[in-house]
Amino acid sequence: MDRPPGAPASFDVRTVVYLRRGTDPPDLDEEASTALHLAHLAHLADLGRRGIVAANGPLLDQSDASLRGMSVYTVEPAEARRLAEQDPAVRAGRFRVDVARWAVAAGRIAFPESDRRVGERVRFEDL
């Protein structure tokens, strides 16, 4: 396909992981819920320290209430899914994982704190 006028010549393609509310989340008391949340945050912090997650955070005012959070990973989708599914909150059923590749016009979004390349550059014609 020919590139339409004004369309970017290339895109930065990244792996995005969405956390959704689990289909049957566990019913936990406050102490267990807090412990699970802290384990979830520790898992994400570890992935960040290791350079695997470039950015992440909760989603607010979303139109789909099942969406809870989003992370941009520096690894391919299969590896991102494998790592996201190791999250204690995912293993417990509080969250489930959706993974996608996200194409953004090249150079539009930077991750200055990441010491790894975040995604790959792809020509418009190769999307």
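A nonpolar core is a set of buried Ala, Val, Leu, Ile, Met, Phe, Trp, Tyr and Cys residues joined through side-chain atoms within 4.5 Å. Keep that in mind as you click through this predicted model.

Start by selecting Val17, Leu47, Ile52, Tyr73 and Val97: in the largest nonpolar core, which has 15 residues, these five touch the most other members. Now colour the elements that each give two or more residues to this core: strand S1 (10–21), helix H1 (30–49), H2, helix H3 (88–91) and strand S4 (95–105). H2 is the top contributor, with 3 residues.

Next, zoom in on Ile52. Leaving aside residues up to four places away in sequence, Ile52 touches Leu47, Val72, Tyr73, Thr74, Val75, Leu83 and Arg116.

Select Ala80, Leu83 and Ala84, and you have buried residues of H2. Look down the helix axis: the buried residues of H2 fall within an arc of 95°, so they line one face of the helix. What lies over them? The cover includes S1, H1, strand S3 (67–73), H3 and S4.

Show its side chain and you'll find a polar contact with the side chain of Glu79, at 2.8 Å. Finally, draw a line from the C-alpha of Arg82 to that of Glu30: they're 52 residues apart along the chain and separated by 28 Å.

How values were computed. Residues are numbered from 1 along each chain as its sequence is written. This is a predicted model: local features need pLDDT of at least 70, side-chain atom pairs count only at pLDDT 80 or more; totals for chains, interfaces and linings use all residues. Side-chain values use heavy atoms; hydrogens and water are left out. A polar contact is a pair of N or O atoms within 3.5 Å; within protein, one must be able to donate a hydrogen and the other to accept it, and residues adjacent in sequence count only if both atoms are side-chain atoms. Buried means under 20% relative accessible area, exposed over 50%, partly exposed in between (1.4 Å probe, protein chains only). Helices (H or I, at least four residues) and strands (E, at least two) are DSSP runs, numbered from the N terminus. Contact means heavy atoms within 4.5 Å. The arc is that of the directions from the helix axis to the C-beta atoms.
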